[in-house]
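Notes follow in the order I looked things up.

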Amino acid sequence: MSARRLPEDARFATRAVHAGLEPDPHFRSVVPAIHQTSTFAQPAPGEYLEEYDYARTANPTRRALEDALGQLEGGLATTFGSGLAAEHALISATCEAGSHIVLPRDLYGGTYRLVDKILTRWGLRYTMVDQTDLHALAVAIEPDTRLVWVETPTNPRLDVVDVAALVELAHARGVLAAVDNTFATPVNQRPLEHGADAVVHSATKYLGGHSDVVLGAVVVADEQLHERVRFVQNAAGAIPGPMDCFLVHRGLRTLHLRMAAHAASAGAVVELLLGTPGVSDVAWPGFSGMVSFRHRDAHGICTRTRVFTLAESLGGVESLIEVPQAMTHGSVEGSDAAVPADLVRLSCGIEDPVDLVNDLHQAILGGSRGA
Ligand SMILES: Cc1ncc(COP(=O)(O)O)c(C=O)c1O
């Protein structure tokens, strides 16, 4: 039975809807089955279909998601049990004891914790720089630097890095560039098209999109690097379950629609924040639903919202609000990546933007009424 092929020039939305979806070969179900299995029957010892001998090594539901992610990012995807497991696998596949990596000065706290608290014990060294300053980045690269780890937009300050210029600089020094594309998603940014060597995702966020799954992915351009990442996936074993793969794959089919709605919500919220006394440092990259701002009553605002839920994470259809210093970024306290205590991070969902604006407005005013 021949695989159905989309036209070569199919647009992103069309690819998002169809990527990785082949009708089930036996029953022709349009959405393939969830292969909730740990192993596969062999007709004779060592005889099995394709790569399916044991489900840590490969699973058809996981493979369908990996095919889809590869198609949307323009590379070869491998999935993991979380975004951090994906990060760990990529660093394991590219670095060794004595290697040095460059981290952004503003970054997800868990990435810093992984490198600073775990990987340094195995001989990895790191330097943190503001990667919007390419000169500072150039100075930070050492003879043993293997990897420049990029977040753009950064979490939680939402700095945007020029990926193409950064990749050019890194490659001129023989260094790989990996981009955490969690906040932008392939709808807004496809780093591999700008020459990056790897893309990492916390698919827990926008890719899954419904706050019901934790999953991670690495997508790379080079086949040999892909093999190394897949080797770590099987050898270290931090794989995602089939049901979680199914959920993220389902999320991908509406990614383009959700990202447009997230951006519309964020745009409306930013307009409110820019005109609100007491609010400063409003940051929004102009796409995606992530917004941050500073306010002296950061904690109070977060407890007064009724549509925004006070919770860690981001990228789901529902709006979330948090104080990074007290929540997601506790692990960077005291480091170069520390965030101010009055910083609020919003993940603007796909509710009606009017309700989001009204909710935030009353939450901010609620504090000043009593003051
Ligand atoms: C930018 C970014 N990268 C990676 C991660 C880690 O992903 P996970 O929570 O799926 O392990 C997060 C989690 O918040 C994140 O915000």
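I call two residues in contact if their C-beta atoms, placed from the backbone, lie within 7 Å. My helices (H or I, at least four residues) and strands (E, at least two) are DSSP runs, numbered from the N terminus. This is a predicted model, so I note that local features need pLDDT of at least 70, side-chain atom pairs count only at pLDDT 80 or more, and totals for chains, interfaces and linings use all residues. Residues are numbered from 1 along each chain as its sequence is written.

**Entry 1: helix 3 on helix 8**

I started with helix 3 (residues 83-94) and helix 8 (residues 223-236), which pack at about 120° with their axes 9 Å apart. Axes here are lines fitted to C-alpha atoms, for helices over the stretch in contact, and angles run from 0 to 180 degrees between N-to-C directions. That angle makes helix 3 oblique to helix 8; under 35 degrees would be roughly parallel, over 145 roughly antiparallel, 65 to 115 roughly perpendicular, and the rest is oblique. The crossing is right-handed (near helix turned clockwise from the far one by less than a right angle; anticlockwise is left-handed).

Which residues of helix 3 meet helix 8? I found Ala 89, Leu 90, Ser 92 and Ala 93 on the helix 3 side, against Leu 225, Arg 228, Val 229, Val 232, Gln 233 and Ala 236 of helix 8. By class, the contact of helix 3 with helix 8 has seven nonpolar, two polar and one charged residues. For the classes, Ala, Val, Leu, Ile, Met, Phe, Trp, Tyr, Cys and Pro count as nonpolar, Asp, Glu, Lys and Arg as charged, and the others, Gly among them, as polar.

**Entry 2: helix 4 and its neighbours**

Next I checked helix 3 against helix 4: the axes come within 10 Å and cross at roughly 40°. The two are therefore oblique to each other, and their crossing is right-handed. Leu 84, Glu 87 and His 88 of helix 3 make the contact with Gly 110, Thr 111 and Leu 114 of helix 4. I count two nonpolar, three polar and one charged residues there by class.

In helix 4 (residues 109-118), I see Gly 109, Thr 111, Tyr 112 and Val 115 as buried (20 or more other C-beta atoms within 10 Å; 12 or fewer is exposed, in between is partly exposed). They cover an arc of only 160° around the axis, which puts them on the same side of helix 4. Helix 3, strand 2 (100-104) and strand 3 (125-129) are among what covers them.

**Entry 3: helix 2 on helix 9**

Helix 2 (residues 60-73) and helix 9 (residues 242-252) pack at about 30°, axes 8 Å apart. I noted a left-handed crossing.

Most residues other than glycine have a negative phi, and most peptide bonds are trans. The bond from Thr 152 to Pro 153 is cis, with omega near -5°, and the one from Asn 155 to Pro 156 is cis with omega near 15°. Pro 153 sits in the loop between strand 4 (145-151) and helix 6 (163-172), and Pro 156 is found between strand 4 and helix 6 too.

Ser 211 has a positive phi of about 55°, in the loop between strand 6 (198-202) and strand 7 (216-220). Is Ser 211 buried or partly exposed? I get partly exposed, with 19 other C-beta atoms within 10 Å. Asp 281 has phi near 55° and lies in strand 8 (residues 280-283). Asp 281 counts as partly exposed, with 14 C-beta neighbours inside 10 Å.

Definitions and conventions: Arc of directions from axis to C-beta.
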